[in-house]
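Colleague: I have a new model open and would like to learn how to read its features. Could you walk me through some of them?

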Amino acid sequence: MIRKLWPHARKYSPYILMGVLCSAAEAVFELLIPLVMSDIVDIGIANGDLNFILKKGLLMVVMAMVSLCFGVGAAALSSIAGQGFGANLRQAEYARIQTFAFSNIEKFSTASLVTRLTSDVNTMQLTLMMGMRLLVRAPVMLVSALILSVRISLQLSNVFLVALPLLLVMVVAILTRVGPMFRSLQEKTDALNLVVQENLTGIRVVKSFVREEHEEQKFSRRNLDLKTTSEKAFGTVVINMPIMMLIIYGTMIAVMWFGGKMVFAGTLETGKLMTYFTYITQIMMSLMMVSMMFMMMTRSVACARRIVEVLEERPAINNAQAKTDRDQKGNAVPAAVKDGSVDFDHVFFKYDKESPEWILRDIDIHIPSGATVGILGGTGSGKTSLVSLIPRLYEATEGTVRVGGRPVSDYTMEHLREEVSVVLQKNTLFSGTIRENLLWGNPNATEEQLWDACRAACADEFLERMPDGLDTDLGQGGVNVSGGQKQRLCIARAILKQPKVLILDDSTSAVDTATDAKIRSAFSNELKHTTKFIIAQRVTSIQEADLILVMDGGAVVAQGNHAQLMETSDIYREVYESQQKGVSIGG
Ligand SMILES: Nc1ncnc2c1ncn2[C@@H]1O[C@H](COP(=O)(O)OP(=O)(O)O)[C@@H](O)[C@H]1O
Ligand SMILES: [Mg+2]
């Protein structure tokens, strides 16, 4: 685990090294101070030598100051290293997540990824910070104090023979119990974050269905669960404290008892006994630090494992099979999408490899470049799944999907998605101005191109009414435009891209029929050579398409143009007639 995470801390190794040295120096000075004190008592006070006492007293103050400086230095260095390590780790994780395919993200869940990016990294950061101090300080203190106290009195040091094994047994007993608890603690945090995230992103739906109370109950259940688990975990940890203190005080009383007798018998000087006391305290304290350190390590091992899982996750879809072409000069260049032809060769697909049911069954369709394809089908019939195979958002389980005559895996994802544009059912605009959002489609678009695209998508009419036009600021996720306006902006963004294949997944569902027709006619003018896939609920939206696919239960049950389907497909005719009726009654 350490080997996998170390590269992210390597940049800070000078800070870590310096911090560790400072910590060690701090500990050494702290240990030397009691020796000076012992001299003051046994020589200065015993001889009534005020000069000696003052001199040694001054030395003690200086040593304390030096130790303080090292302490401050160690703290500063460790927090620089800790924060830096945390930032690097977050960056690496975030970069990794960007390479994930949808299926990878679904595997972890977005909420868990957020926890792994924030709370887990924070724990690691803290562990490094504390670890740098405690892991050095505690052993240095422990070993040196042990040696020094044995030198003061071997006889008195027998108390350790009882105290140390006792402490050891305690620490091991607690550690074996809390380890699994911490792992489950992080999982409970995931569960809580999932509720929060779902609720906040869907707050409009929650409110309109008056589900606040239900959501609150769901939250409080998970919250309680988290609380109980943390209580159990940290409860076990805090028991550690009083038991340790008990052992420490027990040891002190024993030392006082035996040491006092030795002083009376004249075999030990008073100053030495005082110094011995200080060392005992330091030994015990450092043991306590070590046990706390282990406690924290158990927690961070759980977090580290979760972070490493993200860092090592292999993107389900990658450029491993991307092929290269030769350009005129004979140099190797990444394969480019030649034209907009799309072929499905006996494609089978399911999201979950283990599931027995196919989501798409034996899809075998061949679409020439520039054609317009309409897709009609009930919800859940697999329309969205079908088109998401074209830009390789998911990978066909069996069979091949080809664009421009080559399997989609031949292209790098960047090249493929540059040419295959998708306007999804649930589309997202990002916070920023409308212009910024449109420029995603083509960063070099001129003002004129922007307006052309908006005109084609019928977005110009409402843009002109907006006070700042293209520079209108969209709220988070585009909240201050209506659903239909959002759809039109997304279409404009896709048009700007001038892709070879354009997929519209129910993307005109929120605009009226007249606008829908205008957008479609703009498509045939602006995007003549683009292959267009239009998924729609209304037959009128796809009526003029070159090819219409009727989908049911994951299969294409009928295909042809409008006239052909009216003759051959009962489903199509029924849908058409029922919608015509609606129009004539409504109109
Ligand atoms: N990300 C996903 N993971 C698992 N199953 C999914 C996922 N998306 C869709 N499905 C399932 O695939 C089937 C087809 O869905 P979809 O292609 O979205 O249908 P449509 O777009 O025609 O409404 C549905 O049964 C749905 O439950
Ligand atoms: Mg759909």
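Colleague: Let's start with a single side chain. Is E461 buried, partly exposed or exposed?

Modeller: Keep in mind that this is a predicted model. E461 has a relative accessibility of 36%, so E461 counts as partly exposed. Its salt-bridge partner is R465, with the closest N and O atoms 3.6 Å apart. R465 is exposed, at a relative accessible area of 62%.

Colleague: Where do R465 and E461 sit relative to each other in helix α15?

Modeller: They are separated by about one helical turn, because they are 4 residues apart in α15 (residues 460-465). Salt bridges can also share partners: E26, E30, R133 and R137 are joined that way into one network.

Colleague: How many salt bridges does the structure hold?

Modeller: There are 28. One of them pairs D120 with R306, whose closest N and O atoms are 2.6 Å apart. This pair connects distant parts of the chain, with D120 in helix α6 (residues 119-152) and R306 in helix α10, 186 residues apart.

Colleague: Are D120 and R306 buried or exposed?

Modeller: Both are buried. Now look at K323 and D410, whose side chains meet in a salt bridge of 3.3 Å, N to O. K323 is in the loop between α10 and β1 (324-326), and D410 is in the loop between β7 (406-407) and α12 (413-419), so this pair ties together parts 87 residues apart in sequence. K323 is partly exposed at 40% relative accessibility, while D410, at 10%, counts as buried.

Colleague: On to helices. What describes two packed helices?

Modeller: The angle between their axes and the distance between the axes. Take helix α9 (residues 212-265) and helix α10 (residues 270-312): they pack at about 165°, with axes 10 Å apart. An angle over 145 degrees counts as roughly antiparallel, and α9 and α10 are therefore roughly antiparallel to each other. Their crossing is right-handed.

Colleague: At what angle do the axes of helix α3 and α10 cross?

Modeller: Roughly 40°, and the axes of α3 (residues 50-99) and α10 come within 8 Å. These two helices are therefore oblique to each other, and their crossing is left-handed.

Colleague: One last feature, the surface. Which residues make the nonpolar surface patch of about 200 Å²?

Modeller: V28, L32 and L35 make that patch. L35 is found in helix α2 (residues 13-47), and L35 is partly exposed, with a relative accessible area of 33%.

How values were computed:
Residues are numbered from 1 along each chain as its sequence is written. Chains are lettered from A and ligands numbered from 1 in the order in which they are written. This is a predicted model: local features need pLDDT of at least 70, side-chain atom pairs count only at pLDDT 80 or more; totals for chains, interfaces and linings use all residues. Side-chain values use heavy atoms; hydrogens and water are left out. Patches are made of residues with over 30% relative accessible area and no salt bridge: like charges are joined within 9 Å, nonpolar side chains (Val, Leu, Ile, Met, Phe, Trp, Tyr) within 5 Å. Accessible areas come from the Shrake-Rupley method with a 1.4 Å probe; for residues, only the protein chains shown count as cover. A salt bridge is a side-chain nitrogen of Lys or Arg within 4 Å of a carboxyl oxygen of Asp or Glu. Buried means under 20% relative accessible area, exposed over 50%, partly exposed in between (1.4 Å probe, protein chains only). Axes are lines fitted to C-alpha atoms, for helices over the stretch in contact, and angles run from 0 to 180 degrees between N-to-C directions. Angles under 35 degrees count as roughly parallel, over 145 as roughly antiparallel, 65 to 115 as roughly perpendicular and the rest as oblique. A crossing is left-handed if the near helix is turned anticlockwise from the far one by less than a right angle, and right-handed if clockwise.
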